Amino acid sequence: MNEREPWHRLLADAAPRDHIVQLYQDQRFLNAAVCRFAAAALANGEAVILVPTLDHWNAFRPRLEAQGVDVDTVQGRGQLTVVDADELLPTFMRDAVPDAPVFLGLAADVIARARTGGGYPKVRWWGEMVNVLWERGDVAASMNLEDLFDQLAHEQGIAIFCSFLMDNFDGEVHARMLPRLGENHSHLIPVEDYERLERAVADALRETVGSDDARVLEGRLLAGYPTRFHMPRPQALLLALRQVLPVVADAVLQRSRTLYTA
């Protein structure tokens, strides 16, 4: 793994009340990010709560062990808690919507056990219940649950990380989902390779509007794009372009996809 990747450092140093979201399309990137988040916390003496599907936990566990984590030992001493996402999710859903008091109560109990059981005041949480809802097509419920996780992060003082099976080069994702995710997250990890994204977006913008206009657009768009969402500069440029020049944004986004994946 490239230690210089900004997302790598972000996940290693995740702080209380951070709420980080990753977009991924392959298991390898998901494994790398989640295991980095978890392994760094364990090494720092923090507690970690993972709420994966069974298939994903079966992919995470051997990678954690390959990184030197004795999974049985850290689970036994209460530093690592693993909860099945498909089992936990139905316990707080009411009429296809998360019941806020029930969810917050259940989550607070899990966090309290992680803190007091092993004496770990700092806690991190990664989970994919929001992605389970997203993949089912329950977008409103998924975003509602993300709002609750953001509330949980602030009330409990924990770092939260979640991952969505979502295409960062999809125009609808840029138009609808990313602005919504910006309302309840602090950081966005849109792709695995930030340097490649930088090159792809810069080249796509130049090819689409010309070198001179590209320079002017980049400066003006980034200066006028307010967000609480921390993200790579080229990602912010794509989102700003979507707001101001949506037709141009479509062309730049699709060309960026081609260049990024080439």
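User: Is A96 buried or exposed, and how do I read that?

Analyst: Start with the general idea. Buried means under 20% relative accessible area, exposed means over 50%, and partly exposed lies in between, using a 1.4 Å probe and protein chains only. Now the case. A96 has a relative accessible area of 55%, so it counts as exposed. A word on the source: this is a predicted model, where local features need pLDDT of at least 70, side-chain atom pairs count only at pLDDT 80 or more, and totals for chains, interfaces and linings use all residues. Residues are numbered from 1 along each chain as its sequence is written, and side-chain values use heavy atoms, with hydrogens and water left out.

User: Where is A96 placed?

Analyst: First, the elements. Helices (H or I, at least four residues) and strands (E, at least two) are DSSP runs, numbered from the N terminus. A96 sits in the loop between β4 (93-94) and β5 (97-98). Its phi is near 70 degrees, a positive value in a residue other than glycine.

User: What is the phi of R17, and where is R17 found?

Analyst: R17 has a positive phi near 80 degrees and is not a glycine. Look for R17 in the loop between α1 (6-12) and β1 (19-24). With a relative accessible area of 42%, R17 is partly exposed.

User: How many helices and strands does the chain have?

Analyst: There are 13 helices and eight strands.

User: How do I read the overall size of the chain?

Analyst: For 262 residues, a compact globule would come near 18 Å; the chain has 19 Å, which agrees. Along the principal axes, the C-alpha atoms fill a box of roughly 60 × 40 × 30 Å. Of the 262 residues, 52% count as buried.

User: What do contacts tell me about the chain?

Analyst: Contact means heavy atoms within 4.5 Å. Take contacts between residues at least 6 apart in sequence: 76% of them join residues at least 24 apart.

User: Which residues touch the most other members of the largest nonpolar core?

Analyst: A nonpolar core is a set of buried Ala, Val, Leu, Ile, Met, Phe, Trp, Tyr and Cys residues joined through side-chain atoms within 4.5 Å. The largest one here has 96 residues, and F103, W125, M129, L145, L152 and F164 touch the most other members. Helix α2 (residues 27-43) gives the largest share of this core, eleven residues. Take F103 as a case. Leaving out residues up to four places away in sequence, F103 touches F92, M129, L145, L148, F149 and L152.

User: Why is helix α7 called largely enclosed?

Analyst: Count its buried residues. Six of the eight residues of α7 (residues 129-136) are buried, so the rest of the structure largely encloses this helix. The six are M129, V130, N131, V132, L133 and W134. After α7 comes G137, with a positive phi near 95 degrees.

User: Is D150 buried or exposed?

Analyst: D150 is buried, at 12% relative accessibility. Its place is in helix α8 (residues 139-156). Not counting residues up to four places away in sequence, D150 touches H19, N184 and R228.

User: Where does D86 sit, and what does D86 touch?

Analyst: D86 is in helix α5 (residues 85-88). D86 is partly exposed, with a relative accessible area of 39%. Setting aside neighbours within four places in sequence, D86 is in contact with T53 and V132. Now compare sequence with space. D86 and E128 are 42 residues apart in sequence and 9.3 Å apart in space, C-alpha to C-alpha.

User: How far apart are Y194 and E5?

Analyst: They are 189 residues apart in sequence, with 7.2 Å between their C-alpha atoms. Y194 is in helix α10 (residues 194-209). Y194 is buried, with a relative accessible area of 12%. Apart from neighbours within four places in sequence, the contacts of Y194 are E5, P6, W7, L188, I189 and P232.

User: Which residues does P234 contact?

Analyst: Neighbours within four places in sequence aside, P234 is in contact with L197, E198 and V201. P234 belongs to helix α12 (residues 233-244). At 4% relative accessibility, P234 counts as buried.

Conventions. Rg over C-alpha atoms; globule rule 2.2 N^0.38 Å.
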